[in-house]
Amino acid sequence: MQKISSALHFSRTKLSVTKEHETHWVPNTDVYITDGAIVIKVELAGMQRENLELTIDGPRLRIRGQRPDGCRPPQCKFLVMEINYGAFESVIELPEGYDLCRARAAYQNGFLRVDVPINLQSSPSSLAGNDET
Amino acid sequence: MTTPDTEFISILGAGGTPDASGTKRWSKSLPESLPILGLSDIVIFPGTVMPLLVESPQSIRLIDDVVAGDRFLGLVLQRNAEIENPAPSDLWPHGCAGRVLKMLKFPDGTVRVLVEGLRRFRILDYAAETPYLIARIEKLKDVADDSLELTALARNAEREFQEVVKLSPTLAEQVKVAALNTEDPAKLADLIAANLNLSLEERQHLLETPVVKDRLTRLLPLLSRELEVLRLGSKIQNEVVTSMSKNQRDFFLREQIRAIQRELGEVDTGATEAKELHDQIEQNLLPEEAKKTALKELERLQQMSPSMAEYTMTRNYLDWLINLPWSKFTEDKLDLAAADRLLDEQHFGLRKVKDRLLEFLAVIKLKQQLKGPILCLVGPPGVGKTSLGKSVAEALGRKFARISLGGMRDEAEIRGHRRTYVGALPGRILQTLRRVESSNPVILLDELDKVGSDFRGDPAAALLEVLDPAQNNTFTDHYLDIPYDLSRVLFLTTANWLDPIHPALRDRLEVIELPSYTAAEKVQIARRHLVPRQLEEHGLKKKLVRFPDATLRQVIQDYTREAGVRQLEREIGALTRKAARKIVARRNQRGPLTISPGMLVSYLGQPQFTSELAERITECGIAIGLAWTPVGGEILFIEATRMPGKGGLILTGSLGEVMKESAHTAFSFLRNRAAALKIDLSDHDKRDIHIHVPAGATPKDGPSAGLTIVAALASLFTGRQVRSDMAMTGEISLRGRVLRVGGIKEKVLAAARCGLKQVILPDQNRNDWLEVPVEVRRKLKAHFVRNISQMIALALCPK
């Protein structure tokens with residue numbers, strides 16, 4: 001039940017999905033490694049491009065924004081509530097060896113996907129030549 | 001992977017300027033006022049997610065509004081958990097702002113919400129109280145510095161917390177990981193506070209402390225206490241688990257053995273053994289108390305593994321308990337005539353003793369539950385005390401057992417060892433009962449006068465209980481520890497003499513004295529009992545060897561000197577062996593072999609005890625005295641002599657105090673009466689007198705030699721010999737009176753045995769003379785004297 005327990009362990013480096021603003025919620029996030037890239041996938045249905053902001057801060061990628069609940073009338077009574085609306089934020093600290101400057105982000109079918117390619121300069125030996133983009 | 005509705009989104013670099021308005025728009029902070037939800041039994045800390053159950057209509061309204069709105073609310077602990085709709089005064093002033101993550105309404109109207117704690121706040125005032133509380137709040141920031149102290153506190157707290165998680169059964173591993181990943185001391189403190197087992201007040205205090213250092217300082221002792229509690233708990237748990245698992249393991253293995261035995265067709269020994277024992281307990285009619293104990297022990301036995309040392313102990317104890325003859329009795333034969341016949345058959349003479357025994361049997365016949373005195377047969381060795389006991393048992397038809405007390409010095413021999421000792425056994429009394437398998441045997445306690453005692457206790461003291469008819473119905477053996485009824489056992493005791501017996505014990509005894517046998521009695525005993533027995537033991541037919549009375553008499557006279565008949569039996573045994581050899585050697589010659597007196601020298605060697613007359617009194621200063629010993633009477637030669645000296649009196653021969661005193665008395669009397677007796681003692685201060693009693697190594701005591709000493713001294717002083725066929729006994733007084741002494745019968749028998757013809761006895765002992773067997777009285781002439789002068793007139797030969 002602990003929010004903080006969503007922290008994950010990578011083999012060598014520590015990757016954490018956190019937030020900086022306490023009032024913000026954290027969307028569900030996948031992070032996985034493919035050949036030549038690390039992929040960050042965020043479950044963010046119902047978003048508009050202008051409500052989404054991705055920033056790079058050193059090794060960290062910050063995804064934040066606001067999800068409006070547009071179709072709800074002001075006076076309503078919830079029976080079940082499980083969807084978060086409003087300001088959200090997700091800060092992902094990436095392991096070394098990925099080039100955030102060449103990252104590309106796409107929003108498709110309610111998922112935000114960010115591809116971060118491997119850094120060819122810092123670790124050319126292990127995954128060289130696998131860059132498809 | 002790119003589909004038509006894919007929207008590419010620009011990523012702003014680190015150097016890029018973010019949309020200022022957007023940032024502002026999204027960095028929404030907590031509102032200044034929050035609806036306040038009172039919590040009855042939980043404190044929410046920032047960073048924790050907790051499910052809450054909301055039941056009161058007022059709170060449900062609050063949740064409805066919050067969920068429809070921005071989903072922020074204030075979570076504040078109530079001072080009193082019972083209140084449903086708390087007023088501002090019922091709430092603590094500090095709380096935690098939270099966000100509703102999920103909400104679910106149940107059909108019964110209650111609401112379940114999942115809230116996430118966000119930040120501490122302090123309530124400034126309440127803006128509204130209906131429909132629910134709304135308060136203006138002051139958000140509180142964690143106050144932290146970068147001091148080393150804070151780091152140290154945080155590390156310490158984390159380390160302890162890891163321990164707590166490890167030991168605590170309720171905290172998940174996740175929490176440990178979370179704590180490892182929390183570097184911020186403030187968050188760490190909250191994480192620990194939320195997960196530690198703390199009271200609501202303590203949690204509230206932690207919530208009210210925004211200064212991180214203070215919070216950790218407050219938290220650390222709580223952590224340590226919790227750790228101690230858990231350690232103790234886990235230690236207890238471990239111990240329980242260890243003992244449980246050992247028991248279970250044993251049980252499991254035992255079950256396996258049983259299963260294997262069943263498979264092999266072997267019967268489960270433990271179960272059958274237990275069943276056998278149980279049956280025995282039922283069959284043997286134990287008394288109530290013993291039965292209860294036995295069943296309890298059996299139950300314990302069944303729970304034990306046969307390999308345990310305790311098992312054998314308990315098993316042994318049960319065996320004893322079961323096999324004692326608690327309710328086994330033999331039927332008494334109480335035909336007095338038959339008993340009389342039996343006693344006569346087995347023992348010659350002893351009329352007085354037999355009469356006493358028959359009286360005893362008569363009482364038993366009249367009163368089955370005999371609580372009479374304990375009989376004690378006292379007499380010299382070899383007179384048949386033990387075999388008399390056996391005859392009594394036979395006459396009664398009871399089982400007979402003999403316990404020799406000679407040299408017994410441990411109380412436990414009588415009363416057993418406590419069961420705590422290794423190899424403990426019950427005492428001899430119970431062992432004997434078990435052996436004879438009857439609770440009313442005749443038990444002969446042999447050699448009662450030879451019970452010893454040392455640091456291990458006094459067996460005589462234990463015997464007091466055994467031999468007291470008023471007490472021995474609840475005789476408690478240390479081993480058995482259950483009272484055993486000894487009151488139906490007939491105890492007989494034997495002793496050579498009564499002096500060494502404990503006075504309290506002597507008091508319980510009814511003494512029957514067995515006197516020494518006369519020569520004639522010995523002949524009868526030899527003919528009726530000893531000779532047939534020896535012949536049988538040596539495999540000779542009764543008719544093959546004949547012992548004429550003359551031969552027996554000669555053997556008794558020349559080869560034995562005893563009160564009983566043991567030596568006589570040995571001599572007869574020796575003769576029988578010689579006869580056996582002779583009979584085997586002569587082969588074809590028929591007819592019985594008669595052992596005539598003349599053959600004795602060649603068979604038994606020279607006579608060992610020559611007739612006393614060979615040792616006649618040949619000079620002055622010698623007189624023959626009579627002595628009583630536990631092994632019968634004896635004759636003593638008392639010698640006196642005179643030599644130049646200073647008027648001293650020398651006494652030798654291991655004399656006791658009383659005997660020395662009677663020597664002085666004798667001397668003083670003679671000096672006093674010197675003139676009347678025509679003795680010249682004018683030079684007595686120039687001469688020493690020496691009195692010696694031979695067999696110097698044998699201690700002697702008692703006053704009865706007084707008369708003899710006077711005779712020896714008078715003979716010495718007057719120069720007249722004492723008659724050599726005359727013995728005497730008697731105590732003397734200074735005025736010359738002769739006083740009564742004991743043991744007359746034994747003494748007179750000894751005199752007769754030694755071939756003397758006359759005895760001088762105190763006049764007061766006239767009655768004792770009548771006790772002496774007739775044939776002895778016929779042989780001896782008794783003189784009764786009242787004073788010393790009479791004795792001197794009788795004993796000293798004229799010059």
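Here's a quick tour of three spots in this structure: chain A as a whole, a strand in chain B, and a pair of helices in chain B. Keep in mind that this is a predicted model. Chain A has 1 helix and 11 strands, while in chain B we'll look at how strand 25 pairs with strand 22 and strand 26, and at how helix 6 crosses helix 7.

**Chain A overall**
- Walk along the sequence of chain A and you get the pattern β-β-β-β-β-β-β-β-β-β-β-α.
- Chain A has 133 residues, and 29% of them count as buried.
- Take the contacts in chain A with a separation of 6 or more: 56% of them join residues 24 or more positions apart.

**Strand 25 of chain B and its partners**
- Strand 22 of chain B (residues 726–728) pairs with strand 25 in the parallel sense, over 3 bridges; here B:Met728 stands opposite B:Ile760.
- Strand 26 of chain B (residues 781–785) also pairs with strand 25 in the parallel sense, this time over 5 bridges, and B:Lys781 is the bridge partner of B:Gln758.

**Helices 6 and 7 of chain B**
- The axes of helix 6 (residues 200–207) and helix 7 (residues 212–264) of chain B come within 9 Å and cross at roughly 155 degrees.
- Because angles over 145 degrees count as roughly antiparallel, that's the label for helix 6 and helix 7 of chain B.
- The crossing of these two chain B helices is left-handed.
- On the helix 6 side, B:Glu202, B:His205 and B:Leu206 meet B:Arg215, B:Arg218, B:Leu219 and B:Leu222 of helix 7.
- Those contact residues split into 3 nonpolar, 1 polar and 3 charged.

Note on methods: Residues are numbered from 1 along each chain as its sequence is written. Chains are lettered from A and ligands numbered from 1 in the order in which they are written. This is a predicted model: local features need pLDDT of at least 70, side-chain atom pairs count only at pLDDT 80 or more; totals for chains, interfaces and linings use all residues. Two strands pair if DSSP finds at least two bridges between them. Helices (H or I, at least four residues) and strands (E, at least two) are DSSP runs, numbered from the N terminus. A residue is buried if 20 or more other C-beta atoms lie within 10 Å of its own, exposed if 12 or fewer, and partly exposed in between; C-beta atoms are placed from the backbone. Two residues are in contact if their C-beta atoms, placed from the backbone, lie within 7 Å. Axes are lines fitted to C-alpha atoms, for helices over the stretch in contact, and angles run from 0 to 180 degrees between N-to-C directions. Angles under 35 degrees count as roughly parallel, over 145 as roughly antiparallel, 65 to 115 as roughly perpendicular and the rest as oblique. A crossing is left-handed if the near helix is turned anticlockwise from the far one by less than a right angle, and right-handed if clockwise. Ala, Val, Leu, Ile, Met, Phe, Trp, Tyr, Cys and Pro count as nonpolar, Asp, Glu, Lys and Arg as charged, and the others, Gly among them, as polar.
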